[in-house]
Amino acid sequence: MPPATDAISMADISTDLQNYSLDHQEHLIRSISSIGFGAVAGSPIAALDSYVNFLPTSGEVVLTDLLVGDPLQPGGKDSFDPKNNVVKYKTRKASVRPIKVDLKFAHTKILAMYNTYLGRVKTQKIDPETYPYEQYVIEKILESVKKHMRLGMWKAVENASDPSFLGLFNGWIKQITDTILNDPTHINVVDINPLTGTNAVAELEKMVKALPEEVRYSGEGVMILSTAHMDAYNADYRTKFGALPYNTAFNKSFVDGSNIEMIVEQGVASFNRPIITTRENLVYLYDDENKQANIDFDYQKRDRSLAYLMDFFSGCGICATEQIWVADAA
């Protein structure tokens, strides 16, 4: 049983937190990659690693996808007659970026957090023997780290002067937008109207019809939508067709007429364009060696504050922008 609030000291808490961090540092750093398991059962919020390629690396990595066109031609000839421009190597580079967490807790905040923990212990919601206070604090921090990392993968734009998750690295939306502007022949832009609760079914069907059959019916395609766009699709579908018993209007798994899975990502809300891509075409990079990663706590006696410091490396990339279909308006 943990001691009463008036029996603890900031120094004791700092020591416990620091010891726990040192003993579990490798596990805690690696747990950041468990961001991929953030699914919500019975909803269109999918586990990130169900469609994103999680790639461990300690530096820059070359993302290469083999794009093969029509390799066939009539035979019966003795000569070697290779076809040009059939096999193409599309090469893109991506790298991890240094990321840090610097937090400062005032004495009163630490005690308030401890009181919350103690209350849960007293009501037997927490067993202090199996879930100590220091683990409770660190996991709360990591939960927020993983939430904002997932948002950053979509909407971040690398900016060292931006002290938020939005400046971490160039997220997938930035990479898609740059390709549309600077290399439009290597991405697929589909002309649709802005989505509403009366046209969303037909407009998203336009995007599906733009796909080659090997994507449309392979089970490898996913459509990334904002909550607003998912709501528009459900409202339009429910008005036109009602709810199917195997595919309800509130939990529609696939775009009708295909097996393109519909996934909601909070990070695409401001982009306001539906995106279709193939599974594992989007890449999440994380440092698997953790040589420069660390978690630490530091207690400052003079102002009775506790500092939390964390350093790790992460990033994201795209294997082939040719395997992305994005709406030009939504």
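## Contact of α2 with α3

In this predicted model, helix α2 meets helix α3 through I110, M113, Y114, T116, Y117 and R120 on the α2 side and Y133, Y136, V137 and K140 on the α3 side. Sorted by class, the contact has seven nonpolar, one polar and two charged residues.

Helix α2 covers residues 107-122, and its axis comes within 11 Å of that of α3, with a crossing angle of roughly 115°. Helix α2 is therefore roughly perpendicular to α3. The crossing of the two helices is right-handed.

## Contact of α1 with α3

Helix α1 (residues 10-30) also packs in contact with α3 (residues 133-155). The two axes come within 9 Å and cross at roughly 60°, so α1 and α3 are oblique to each other. Helix α1 passes α3 in a right-handed crossing.

On α1 the contact is made by I13, D16, L17, Y20, S21 and L28, and on α3 by Y133, E134, Q135, V137, I138 and L142. By class, eight of these residues are nonpolar, two polar and two charged.

## Nonpolar cores

The largest nonpolar core has 59 residues, of which Y51, M149, W154, I176, Y308, M310 and F312 touch the most other members. Helix α3 gives this core its largest share, ten residues.

Leaving aside residues up to four places away in sequence, M149 touches I35, I99, L168, F169, Y284, F312 and S314.

Methods. Residues are numbered from 1 along each chain as its sequence is written. This is a predicted model: local features need pLDDT of at least 70, side-chain atom pairs count only at pLDDT 80 or more; totals for chains, interfaces and linings use all residues. Side-chain values use heavy atoms; hydrogens and water are left out. Axes are lines fitted to C-alpha atoms, for helices over the stretch in contact, and angles run from 0 to 180 degrees between N-to-C directions. Helices (H or I, at least four residues) and strands (E, at least two) are DSSP runs, numbered from the N terminus. Angles under 35 degrees count as roughly parallel, over 145 as roughly antiparallel, 65 to 115 as roughly perpendicular and the rest as oblique. A crossing is left-handed if the near helix is turned anticlockwise from the far one by less than a right angle, and right-handed if clockwise. Contact means heavy atoms within 4.5 Å. Ala, Val, Leu, Ile, Met, Phe, Trp, Tyr, Cys and Pro count as nonpolar, Asp, Glu, Lys and Arg as charged, and the others, Gly among them, as polar. A nonpolar core is a set of buried Ala, Val, Leu, Ile, Met, Phe, Trp, Tyr and Cys residues joined through side-chain atoms within 4.5 Å. Buried means under 20% relative accessible area, exposed over 50%, partly exposed in between (1.4 Å probe, protein chains only).
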